[in-house]
Amino acid sequence: MTEEPVTVDPGPDARTEDLRARLGAVQERIERATRAAGRSDRPALIVVTKFFPIEDVLRLAELGVRDVGENRDQEASAKADAAAARDAGRDLRWHFIGQLQSNKARSVVRYARSVHSVDRVSLVRALGRAVAEHRPADLGPLACWVQVDLGAPAAEPATGAGHGGAAPADLPGLADAIAGTDGLTLAGVMAVAPRGADPGPAFARLAGIAADLRRSHPSAAGISAGMSADLESAIAHGATHLRVGSDVLGPRPAVG
């Protein structure tokens, strides 16, 4: 009698185990910071996968990650298409977090659940038109976050320096435009803390801006803030969504 060959399950590969360890460490940081802030609501983790291959995105999906962020449409759309073709990636929620040109709106609305970088009324109009004409019905409304320039004085236009965003003074008009556009929902505010400075004051300012927004738009309760280096401070100041890349995925690969 010929014996059947024994198949040995090789188990997770080394990269999956590396991602598992890194993801677990970030989740522990989030848990500790949430407890330290006296909060019962745990912020959502968006893993930023820019410049990393689709294979890493699929590994993260197998590890339970559902929210992934990208900041370039060409890369994001290709990954979203590739993930949708694989069982592990079909439940992923894609968040567009980079600066967005209006002419890319048509592409972004085909895959993104949310855009975290809405900073001008012309972009709101472009997204509204694109959603009406090109958005798959199963994705539902497009969640829009107003990106705030925390370096801009409260009553003056945005500086245009740093990471971009709208001036706080422009926030009410932008929020009204989003809320008044069919197919879009106003999710809240997003910001990046200024480089080289204590993020605490910046995130405290963002929390105040978010509270002002909720007075006129009570459902816009989201605060997208906090990255690898400053997530604890963001959580202490009420962040509901964290955008973490390098601490989960490691150093970004060189891009030619």
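Analyst: Start with the elements: helices (H or I, at least four residues) and strands (E, at least two) are DSSP runs, numbered from the N terminus. The model here is predicted. In it, A76 is found in helix α3.

User: Is A76 buried or exposed, and why?

Analyst: Buried means under 20% relative accessible area. A76 has 0% relative accessibility, so A76 counts as buried.

User: Which residues is A76 in contact with, leaving aside its neighbours within four places in sequence?

Analyst: With those neighbours set aside, the contacts of A76 are E70 and Y111. There is also a C-alpha to C-alpha distance to note: A76 and V108 lie 8.3 Å apart in space, and 32 residues apart in sequence.

User: Now the pockets. How is empty space found?

Analyst: A probe the size of a water molecule is rolled over the atoms, which shows where empty space is left. In this model, the largest pocket has a volume of about 410 Å³. Its lining has 18 residues, with K50, N71, I97, V192 and M227 nearest the centre. By class, that lining has seven nonpolar, eight polar and three charged residues.

User: What is the volume of the second largest pocket, and which residues are the closest to its centre?

Analyst: The volume of the second largest pocket is about 300 Å³. Its lining counts 15 residues, and A84, R90, W94, Y111 and L139 are the closest to its centre. Two elements, α3 (73–84) and β3 (93–96), each give two or more residues to this lining. Helix α3 gives the most, with four residues. The lining of the second largest pocket comprises eight nonpolar, one polar and six charged residues.

How values were computed: Residues are numbered from 1 along each chain as its sequence is written. This is a predicted model: local features need pLDDT of at least 70, side-chain atom pairs count only at pLDDT 80 or more; totals for chains, interfaces and linings use all residues. Side-chain values use heavy atoms; hydrogens and water are left out. On a 1 Å grid over the protein atoms alone, a cavity is a set of points where a 1.4 Å probe fits but cannot get out, and a pocket is an open set with protein on both sides within 12 Å along at least five of seven lines; lining residues have an atom within 4 Å of a point. Grid points are joined across faces, edges and corners, and a volume is the space filled by probe spheres set on the points. Ala, Val, Leu, Ile, Met, Phe, Trp, Tyr, Cys and Pro count as nonpolar, Asp, Glu, Lys and Arg as charged, and the others, Gly among them, as polar. Buried means under 20% relative accessible area, exposed over 50%, partly exposed in between (1.4 Å probe, protein chains only). Contact means heavy atoms within 4.5 Å.
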